Amino acid sequence: MTSATTTGPDSEEAAMVSHPRPALAILALAVGGFTIGTTEFMTMGVLPEIADGVDVSVPAAGHVISAYALGVVVGVPILAFFGAALPRRAMLVGLMGAYAAFNLLSAAAPSYEVLAAARFLDGLPHGAYFGVASLVAASLVAPARRGRAIAAVMLGLSVANVVGVPLATFLGQQVGWRSTYLLGGLLALATAAMVLAVVPSIPGDPEASGRREAREFFTSLQVWLTMAVGAVGFGGMFAVYSYIAKTVTAVGGLDKGTVPVFVLALGLGMVFGTWLAGELAAWSVFRSLLLSGVAGIGLMLLYYLAAPGGWALLPVAFCVTTAGSVLVVNLQLRLMDVAGGAVTLGAAMNHASLNIANALGAWIGGVVITAGYGYRAPALAGAGLATLGVVILVVSALVHRRAATPVTAG
């Protein structure tokens, strides 16, 4: 067996790993995505219950979302730096074990401060899991199917928003918000067992050097521009998603029992968008990014207009996460491609940038709400973030074009 340590066109054949049931292994990796997706996004659905439970305002409770996201940002470079040479399966199992432990700590948190700290710690394994899982999935299939394999792993996160998050939201409303984190811990333990059972043992890169990977990765202008697109452009989706519960009830005038339905619509949009992203990636990764960014701007503005209409917001919410999921998958592919030899960091850092977006979106949403602009104002802030993301993407294209243009003597 050889490790999937490169993604360039000259090395893709060498990176393939022989496995009798690659689809089953990818399914196990996708279950990890389901676990992480359920745990990350269910907080939005029970945010009012969390606020009541730890005796803070809803915008203040939104900071536990930001705490988780900051944990992802901090955890990715540290774990990728030290984990490049580790066996892939063992690393995945260890990451899921830590994820289970910190979810259980969240469930038992006696105060707001402990809960925020637990959510930060729970975010640490998030990005590294998706990064390593993406590398493993890509190594199990032919090069032409790399985008679809990675999309399949990400599909677990999307399916979580269709099944896991609505169920966890309902559970949290009926039994209490602590039960949602208990559920997350149990799912993480189940994932670790599945990965251990069906994912092949794939060695890490014995020649990997965290120092070398970090130097190659973080000195690339295209890497920084690509991460900036995710960190800023994807923030718009989190600005609206973080406060979906109060938008539906306080702005749309619907009963809180309808919140799981809206969470379901957001999840269905993610599933459809993730599938669509895999197909669009075969057409053009960059054009898919540009298309999803521009669509995101228009959809945020439409979200703002539709919010007072109650059920009229439902299809808009679906489309918002569809565009966001197309952006996520294609950013993953682009970052792996521009990372050069720093493939472990490249596969993982996309999730760091996306969780900067998570923290940024939730924080900006809380700021505009606290300032008195209402629960639909985050959509306007989201449109601004999406616009800035498109601008950065265009700059990335111009830089790439300039670098590719040969200099001729005058």
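Predicted model: local features only at pLDDT ≥ 70, side-chain atom pairs only at ≥ 80, totals over all residues.
Helix α12 is mostly covered, with 10 of its 13 residues buried. A search of the whole structure turns up 2 salt bridges, and both are described below.

- Helix α12 covers residues 221–233, and its 13 residues should span 18 Å at 1.5 Å a residue; the end C-alpha atoms are 18 Å apart, which agrees.
- The buried residues of α12 are Q222, V223, L225, T226, M227, V229, G230, A231, V232 and G233.
- One of these, V229, has its C-alpha atom 8.5 Å from that of V391, although 162 residues separate the two along the chain.
- V391 belongs to helix α19, residues 377–404.
- With a relative accessibility of 45%, V391 counts as partly exposed, whereas V229 is among the buried residues of α12.

**Salt bridges**

- Side chains of opposite charge can pair when their charged atoms come close.
- E49 and K256 form a salt bridge through their side chains, with an N to O distance of 3.8 Å.
- E49 sits in helix α3 (residues 47–53) and K256 in the loop between α14 (244–251) and α15 (259–283), so this pair ties together parts that are 207 residues apart in sequence.
- E49 counts as buried, at 17% relative accessibility, because the cut-off for buried is under 20%.
- An α-helix has 3.6 residues a turn, so residues three or four places apart point the same way.
- R119 is buried, with a relative accessible area of 1%, and D122 is buried too, with 0%.

**Helix pairs**

- Two packed helices are described by the angle between their axes and the distance between the axes.
- The axes of helix α16 (residues 285–306) and helix α17 (residues 313–338) come within 8 Å and cross at roughly 155 degrees.
- That angle makes α16 roughly antiparallel to α17, since angles over 145 degrees count as such.
- The crossing of α16 past α17 is left-handed.
- Residues of α16 in this contact include V285, F286, L289, G296, L299 and Y303, and those they meet in α17 include L313, V316, V320, L327, L331 and R334.
- Helix α6 (residues 88–108) packs with helix α8 (residues 126–139) at an angle of about 150 degrees, with their axes 10 Å apart.
- This makes α6 roughly antiparallel to α8, and the crossing of these two helices is left-handed.
- R88, M91, L92, L95 and M96 of α6 make the contact with A128, Y129, V132, A133, L135 and V136 of α8.

**Around helix α14**

- I244, A245, T247 and V248 are buried in α14.
- The buried residues of α14 pack against α2 (22–45), α3, α13 (235–241), α15, α16 and α17.
- Two of the helices on that list, α16 and α17, have axes that come within 8 Å.
- G253 follows α14 and has a positive phi, near 75 degrees.

Note on methods:
Residues numbered from 1 in each chain as written. Heavy atoms only, no water. Salt bridge = Lys/Arg side-chain N within 4 Å of Asp/Glu carboxyl O. Helix = DSSP H or I, 4+ residues; strand = E, 2+ residues; numbered from the N terminus. Buried < 20%, exposed > 50% of the residue type's maximum accessible area, 1.4 Å probe, protein only. Expected span 1.5 Å × (residues − 1). Axes fitted to C-alpha atoms, helices over the stretch in contact; angles between N-to-C directions. Parallel < 35°, antiparallel > 145°, perpendicular 65-115°, else oblique. Left-handed = near helix turned anticlockwise from the far one by under 90°. Contact = heavy atoms within 4.5 Å.
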